[in-house]
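Have the sequence and the 3D view open as you read.

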Amino acid sequence: MAPQDHLSPSAQRAAPNPALAALDLIARLVAALEHTPLVAVCSIDREGRIRFCNRACADLSGVAPEAVVGQPLKGLFSRGDREAEHDALVEQAWRTGQHSPIGDWRVRTASGHELWLYSTLVPVYHEGELTQVFCMDVDVSARKHAERTLYLAAQVFENSRDAILLMDRDRHVISINRAYSEITGYGSGDMPGKPLSVYRSGIEDETFFRAVWDQIEATDHWQGEIWSRRKGGELFPAWLALTAIRDSHGQISNYMAIVSDITERKRSEEQTRHLAEHDFLTDLPNRVLLLDRLSLALSAARRNGSMLAILFLDLDRFKRINDTLGHQVGDQLLQEVAARLLKCVRKVDTVSRQGGDEFVIILAGIGGIDHAAHVADTIRQAICQPYAIGSHELHVSTSIGVSIFPSDGDDIDTLVKNADIAMYHAKQGGRNNFQFFSAEMNERIVERASFEQGLCRALAEGQFELAFEPELDIATGTLVALEALIRWRHPELGLLLPERFLGVAEEAGLMVPIGDWVLREACRHARRWHDGGQAVAVAVNLSLTQFMQRDLVDRVRAALAAAGLEARFLELELTESIIMKGGGATAATLHGLRALGVRLSLDDFGTGWSRLGQLKDYPIDKLKIAQAFLRDGGDETVIRTIIAMARSMRMTVIAEGVETPGQLAFLRGEGCDLYQGRQAEAAVQDSGQGGLGSVGSLAGQGRADAGLP
């Protein structure tokens, strides 16, 4: 119903008078409201039903204009839990005739949309009587959304865990959030209005910040690590992100800085880096950090024209401590060694643990090789001092190899390798000393590497040979046994004696396969002699590595079976050191071999530490007098003692290395049973017993005393 419908027909026809003019004005205003898009207007009667609705109101509610009149107001706009409050305002407007307070209302329209309306209720009188209440609403949803967005932004700003700082276009501080205050100690009243440059740490220079702002001008953003300063003056590492904020015209209006305190992250990174670059046991630099330090030291040495030394250290017989006292004691010893090494060098030097009991030291900027020698000897003496580890007093020494830049190499790998080579030669030279690298050392190492590869080929290609040294009865001159001696017919170097290659074989872990070959080949030769009518025994030397194999008895049994040789014709020779180092399994192994029927001989007797009582516990058949007791006139007293001891234990006694008739006559007179050496070889040749392969061909070749001969 239109507002002018309230006028009587006679009033409408009367003209003109002031009342009609006023009503006409109202009618025109209402007509204007009908078409205004800005304000949604509707009127309700006392029953709360709509009598008038403009186009804006219909569009806002989502109901067709022709369907609005007669509907309850809440059918257009539902106010949810505030519906009763709105009803009370409507009732108050009817009762008092006063318009209601203007306010914001969240409503749901008839079409299901949620809106925010800025609303008021206006009572309308006709002829002094209140006949309608106009509901006037403006859609303020966009404003409320903007207010909500601003509110949320303010909450994010204030409650962010990152410190946020806002600046104007001149880089003066406008505002800081709570996190910034907590991190830096500056309050909200300390910074606003001041230029950001006032709060620099002083670590980065002007050039740095000029580059930062240049990048922001170009890209609107910069981020990176800087040092920041708290209000109390304390510096801390921070991650700073700077962003330029531009207005609708593309001009910079503000800057925003986000600051994160990365102290803990840096501490964690430092700890992780430290663990990655340091040895977990000694906290010394590991190989990774050593190579980095060595690279820097070499660059400095090249730049300054100075010398540099690499010391490669290895503790002597450290494995024995680990094996006997346990790894905990060994670890404590390594920690104490590391502490002593640090005291022997300067702060500019680097002490590194490479693993196990190996250490590498960089001596930077030395004046000459005498400096390196002095440090090496100081270290040697420091390491040799006794160690009190728990209830143990330990003694350990070290072997040290030294290489010098630039004479021994110009790069990291060469210098470290050459120092390692020199250390190896220090070990070979008796341990507890230091050696400087030389070209001769390198040649020997190259030869060793070549021999190691060659030994593998020798096994595969059958390059080994056996020669045999006779053992004769000293009374009758009868050949009773032949000792098998290995030779290597090297494809380039010719026939090599065992002392040339057995040390390499031991270090390369090849003693067991080579020893097995000697054992099988010796048994095969013995069987061939038997088939030819000469039933002599064959003697084979065992190495410590062979003897320590748990299946040694099975290996010997297999070699005998393969050759078809009776066990009584095989004699196994062991040194005193093998028996001493064999441990608790020595007796069991020896008795197992005896059970097979083989004979056992103790080689080089008198040069080790065997005790008479201990020998009685072992099934030894023969004692061999070491050649050392026959040289330079001999030690007749020792020889007589050994022969007497062998007699008392019902052992056969044999002398090796009998070179002269006088030596042979002395041994015969003392009651020695058997002999070897040049005299034995000559006797075999003279007697015509040399038809046993390589028998008698050993004169002038010498023999090995290390494990396999």
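Is Lys-319 buried, partly exposed or exposed? With a relative accessibility of 59%, Lys-319 counts as exposed; buried means under 20% relative accessible area, exposed over 50%, and partly exposed in between, using a 1.4 Å probe and protein chains only.

## Ground rules

This is a predicted model, where local features need pLDDT of at least 70 and side-chain atom pairs count only at pLDDT 80 or more, while totals for chains, interfaces and linings use all residues. Residues are numbered from 1 along each chain as its sequence is written, and side-chain values use heavy atoms, with hydrogens and water left out.

Helix H11 spans residues 318–325, and its buried residues are Phe-318, Ile-321 and Asn-322. They sit on the same side of H11, because they cover an arc of only 95° around the axis (the arc is that of the directions from the helix axis to the C-beta atoms). Helices here are DSSP runs of H or I with at least four residues, strands are E runs of at least two, and both are numbered from the N terminus.

What do those buried residues pack against? Their partners are strand E12 (307–315), helix H12 (327–343) and strand E16 (392–394), with contact meaning heavy atoms within 4.5 Å. The face turned away from the buried side carries the exposed residues Lys-319, Arg-320, Asp-323 and Thr-324. After H11 comes Gly-326, which has a positive phi, near 100°.

## Salt bridges

The model has 42 salt bridges, each one a side-chain nitrogen of Lys or Arg within 4 Å of a carboxyl oxygen of Asp or Glu. Asp-323 is exposed, at 52% relative accessibility.

Arg-527 and Asp-531 meet in another salt bridge (3.1 Å, N to O). This pair lies in helix H17 (residues 511–531), again four residues apart. Arg-527 is partly exposed at 33%, whereas Asp-531 is exposed at 54%.

Which parts does the Arg-171 and Glu-217 pair tie together? Their side chains meet in a salt bridge at 4.0 Å, N to O. Arg-171 is in the loop between strand E7 (163–168) and strand E8 (173–176), and Glu-217 is in helix H8 (residues 206–219), so the pair links parts 46 residues apart in sequence.

## A buried glutamate

Glu-571 sits in strand E23 (residues 570–575). At 4% relative accessibility, Glu-571 counts as buried. Its side chain makes a polar contact of 2.8 Å with that of Lys-622; the term covers a pair of N or O atoms within 3.5 Å, where within protein one must be able to donate a hydrogen and the other to accept it, and residues adjacent in sequence count only if both atoms are side-chain atoms. Leaving aside neighbours within four places in sequence, the contacts of Glu-571 include Glu-471, Val-538, Arg-599 and Ser-601.

## The six-stranded sheet

Six strands form an open, antiparallel sheet in the order E2-E1-E6-E5-E4-E3; strands pair if DSSP finds at least two bridges between them. The edge strands, E2 (50–53) and E3 (77–78), each pair on one side only.
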